[in-house]
Amino acid sequence: MTLYNVFYKGDSNGNPYSYQATTDNFERWLEEYNSRRYCEGNEKESADNFEVEEIGLYLYDKENV
């Protein structure tokens, strides 16, 4: 499984670069993120507003997973 960290790039309104989520499907995450924003009366965000980085995940204690 490939996982990605999602970071908001920040904007001219003073919102800083910030971690948003870790996901295995950025497109699906963005759809849900924008759905929540829409329900709150906010504009949708473009994928261009985010930086997505592939991460490595190493799980050793399988009993607690």
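1. **Basis.** This is a predicted model; local features need pLDDT of at least 70, side-chain atom pairs count only at pLDDT 80 or more, and totals for chains, interfaces and linings use all residues. Residues are numbered from 1 along each chain as its sequence is written, and side-chain values use heavy atoms, with hydrogens and water left out.

2. **Fold.** Along the principal axes, the C-alpha atoms fill a box of roughly 45 × 25 × 15 Å. Helices (H or I, at least four residues) and strands (E, at least two) are DSSP runs, numbered from the N terminus.

3. **Burial and surface.** Of the 65 residues, 23% are buried. Buried means under 20% relative accessible area, exposed means over 50%, and partly exposed is in between (1.4 Å probe, protein chains only). The protein exposes about 5,300 Å². Carbon and sulfur atoms supply 43% of that area. Areas come from the Shrake-Rupley method with a 1.4 Å probe; for residues, only the protein chains shown count as cover.

4. **Contacts along the chain.** Take the contacts with a separation of 6 or more: 39% of them join residues 24 or more positions apart. A contact means heavy atoms within 4.5 Å.

5. **Charges.** The protein carries 6 positive and 14 negative charges, and their mean positions are 4 Å apart. Lys and Arg count as positive, Asp and Glu as negative; His and the chain ends are not counted. Each charge is placed at NZ of Lys, CZ of Arg, CG of Asp or CD of Glu.

6. **Salt bridges.** Side chains of opposite charge can pair when their charged atoms come close. The count here is two salt bridges. The rule asks for a side-chain nitrogen of Lys or Arg within 4 Å of a carboxyl oxygen of Asp or Glu.

7. **Arg28 and Glu32.** These two side chains meet in a salt bridge, at 3.7 Å from N to O. Both residues lie in helix H1 (residues 26-39). They are four residues apart, about one turn of the helix. Arg28 is exposed, at 54% relative accessibility. Glu32 is partly exposed, at 42%.

8. **Arg37 and Glu45.** Arg37 forms a salt bridge with Glu45, with the closest N and O atoms 3.8 Å apart. Arg37 and Glu45 are both buried.

9. **Asn34.** Helix H1 also holds Asn34. At 8% relative accessibility, Asn34 is buried. Leaving out residues up to four places away in sequence, Asn34 touches Lys44 and Glu45. Glu45 is also the salt-bridge partner of Arg37.

10. **Asn5 and Glu53.** Asn5 lies in strand E1 (residues 3-8), and Glu53 lies in strand E3 (residues 50-55). The two are 48 residues apart in sequence, yet 5.3 Å apart in space, C-alpha to C-alpha. Asn5 is buried, at 16% relative accessibility. Glu53 is partly exposed, with a relative accessible area of 33%.

11. **Partners of that pair.** Residues up to four places away in sequence are again left out. Asn5 touches Tyr19, Ala21, Thr22, Glu51, Val52, Glu53 and Ile55. Glu53 is in contact with Leu3, Tyr4, Asn5, Phe7 and Tyr17.

12. **Ser46.** Which loop holds Ser46? Ser46 is found in the loop between H1 and E3. Ser46 is partly exposed, with a relative accessible area of 35%. Ser46 and Leu30 are 16 residues apart in sequence and 8.4 Å apart in space, C-alpha to C-alpha.
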